[in-house]
Amino acid sequence: MRVLAGAEAETLDDATLVARSRDGDMWSYEMLVRRYQGPIYRLALRMLGNAGDAEDVVQEAFLTVWRRLSQLQDDATFVGWLYRMTTNRCLNVIRTRRPWVDVDLAERASDGPRSRPDHLAVVSEQMTALGQALTGLTAEQRACWLLREVHGRSYDEIAQAVGTTKQAVRGRIARARAQLAEVMAPWR
């Protein structure tokens, strides 16, 4: 078995990295984790509203994907599979929670240290309002909206990720957009 150098692995596409990971190349899988851990973590954080829960879900998702790589039929579908696994884990966590989730977006507020304090305060208030508005959506609406609006996934990919039809995804996103627009109207 040949082990990839870091620079070489960075230039490879996902399907190649998945195939090499399945053959036991840890560097290839590490490259996949590095490539997607940020977007997957942001999805989990927005869905769950809690950094600790998001970290747990992301870790479990990547570990499960690693263990089940042999079950992946088409290597090119790795990203959709990863999003589906993460989304389903988030939905499971949400279902086991109490109905109300306390959202902490303090990390988000510290992302822009170069911004002016007054602008940073307004953005922080908007993010807090958006976080609270997201908790007002159903878990399924939140997942669909985040996958579409934040992660740019197609309707087909979202339908696969949440286990429903494309039409149902469109309906959930439309209802989520309407509800968010109403709640966020004061910020326009």
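Colleague: Which residues does Val-65 touch, not counting residues up to four places away in sequence?

Modeller: A contact means heavy atoms within 4.5 Å. By that rule Val-65 touches Tyr-29, Phe-78, Trp-81, Leu-82 and Met-85. This is a predicted model, where local features need pLDDT of at least 70, side-chain atom pairs count only at pLDDT 80 or more, and totals for chains, interfaces and linings use all residues. Residues are numbered from 1 along each chain as its sequence is written, and side-chain values use heavy atoms, with hydrogens and water left out.

Colleague: And what share of the contacts with a separation of 6 or more comes from residues 24 or more positions apart?

Modeller: Those account for 61%.

Colleague: How do I read the nonpolar core?

Modeller: Take buried Ala, Val, Leu, Ile, Met, Phe, Trp, Tyr and Cys residues joined through side-chain atoms within 4.5 Å; buried means under 20% relative accessible area with a 1.4 Å probe, protein chains only. Here the largest such core has 52 residues, and Val-65 is among those with the most contacts inside it, as are Tyr-36 and Phe-78. α3 (26-48) is one of the helices that each supply at least two residues, and α3 gives the most, with twelve.

Colleague: How many helices and strands are there?

Modeller: Helices are DSSP runs of H or I with at least four residues, strands runs of E with at least two, numbered from the N terminus. The chain has ten helices and zero strands.

Colleague: Are Cys-90 and Cys-144 buried or exposed?

Modeller: Cys-90 counts as buried because its relative accessibility is 0%, and Cys-144 is buried at 0% too.

Definitions and conventions. Buried < 20%, exposed > 50% of the residue type's maximum accessible area, 1.4 Å probe, protein only.
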